[in-house]
Amino acid sequence: MKHKIRPSVVLLNNDSVLLMKYIYGGTEVYGLPGGNPEIGESLQQAVVRELKEELGLTIEIDDLLFVAETHRVEKQEVVVHNIFSGKIVEGVPVLNAVHTSALSAEWINVEDLDDKNLYPNIGAEIKILFAFGSSDRTTYLGNINQDSH
């Protein structure tokens with residue numbers, strides 16, 4: 001069994017959240033921007049670097065919002081997601097295909113998250129965050145069920 005740590009960030013703009021769009025096994029999947037830490041890099045540093053590389057954005061990382069797990073039985077893999085809040089300091093998201101397999105980066109209206117296949121599947125939590133802010137939330141979300149809808 002492999003364990004992976006994946007830090008990512010929730011970036012809100014007006015009533016939308018920035019998501020990366022992928023196609024995996026013929027299925028459209030939307031993920032929060034982020035990536036894999038390199039040796040010696042903190043989770044926050046990894047997210048800042050990944051968004052610079054993949055989207056040309058300068059961002060600031062704030063609080064740790066959520067910790068969640070996804071269990072991929074077929075790969076014998078557990079991914080622990082560390083999801084931060086953040087804000088864009090400079091730039092507009094432009095995909096750099098050298099650094100990501102994503103097809104696009106899109107601002108998705110928070111109200112439309114229910115219609116998207118999210119990884120990890122935390123659309124409901126993002127909607128609560130958008131509506132009520134980050135002060136009153138459950139940080140540890142446990143094992144997220146990734147069944148497509």
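**Close-up views of a predicted model**

**View 1. The largest nonpolar core.** The largest nonpolar core of this predicted model brings together 18 residues, and those with the most contacts inside it are Val10, Leu19, Leu32, Phe66, Leu113 and Ile122. Strands β2 and β4 and helix α2, which covers residues 123-132, each supply at least two residues of this core. Of the elements that contribute, β4 gives the most, with three residues.

**View 2. The surroundings of leucine 19.** Leucine 19 is one of the residues with the most contacts inside the largest nonpolar core. When residues up to four places away in sequence are not counted, leucine 19 touches Tyr30, Gly31, Leu32, Ser104, Ala105, Glu106, Ile108, Leu113 and Leu118. Two of these partners, Leu32 and Leu113, are also listed among the residues with the most contacts inside the core.

**View 3. Serine 16 in strand β2.** Serine 16 belongs to strand β2, and its relative accessible area is 11%, which is under the 20% cut-off, so this residue counts as buried. Leaving aside neighbours within four places in sequence, the residues in contact with serine 16 are Leu11, Trp107, Ile108, Asn109 and Val110.

**View 4. Helix α1 and what covers it.** Helix α1, at residues 43-55, has 13 residues and reaches 18 Å from its first C-alpha to its last, which is close to the 18 Å expected at 1.5 Å a residue. Its buried residues are Ala46, Val47, Arg49, Glu50, Leu51, Glu54 and Leu55. In an α-helix there are 3.6 residues a turn, so residues three or four places apart point the same way. Just after the helix, glycine 56 takes a positive phi of about 70°.

**View 5. The largest pocket.** The largest pocket of the model has a volume of about 830 Å³. It is lined by 30 residues, of which Tyr24, Val29, Arg72, Val79 and Tyr119 are the closest to its centre. Strands β1 (2-13), β2 (16-24), β3 (27-31) and β4 (58-72), together with helix α1 (43-55), each supply at least two residues of the lining. Sorted by class, the lining has 15 polar, eight nonpolar and seven charged residues.

Methods:
Residues are numbered from 1 along each chain as its sequence is written. This is a predicted model: local features need pLDDT of at least 70, side-chain atom pairs count only at pLDDT 80 or more; totals for chains, interfaces and linings use all residues. Side-chain values use heavy atoms; hydrogens and water are left out. On a 1 Å grid over the protein atoms alone, a cavity is a set of points where a 1.4 Å probe fits but cannot get out, and a pocket is an open set with protein on both sides within 12 Å along at least five of seven lines; lining residues have an atom within 4 Å of a point. Grid points are joined across faces, edges and corners, and a volume is the space filled by probe spheres set on the points. Helices (H or I, at least four residues) and strands (E, at least two) are DSSP runs, numbered from the N terminus. Ala, Val, Leu, Ile, Met, Phe, Trp, Tyr, Cys and Pro count as nonpolar, Asp, Glu, Lys and Arg as charged, and the others, Gly among them, as polar. A nonpolar core is a set of buried Ala, Val, Leu, Ile, Met, Phe, Trp, Tyr and Cys residues joined through side-chain atoms within 4.5 Å. Buried means under 20% relative accessible area, exposed over 50%, partly exposed in between (1.4 Å probe, protein chains only). Contact means heavy atoms within 4.5 Å. The expected span of a helix is 1.5 Å times one less than its number of residues.
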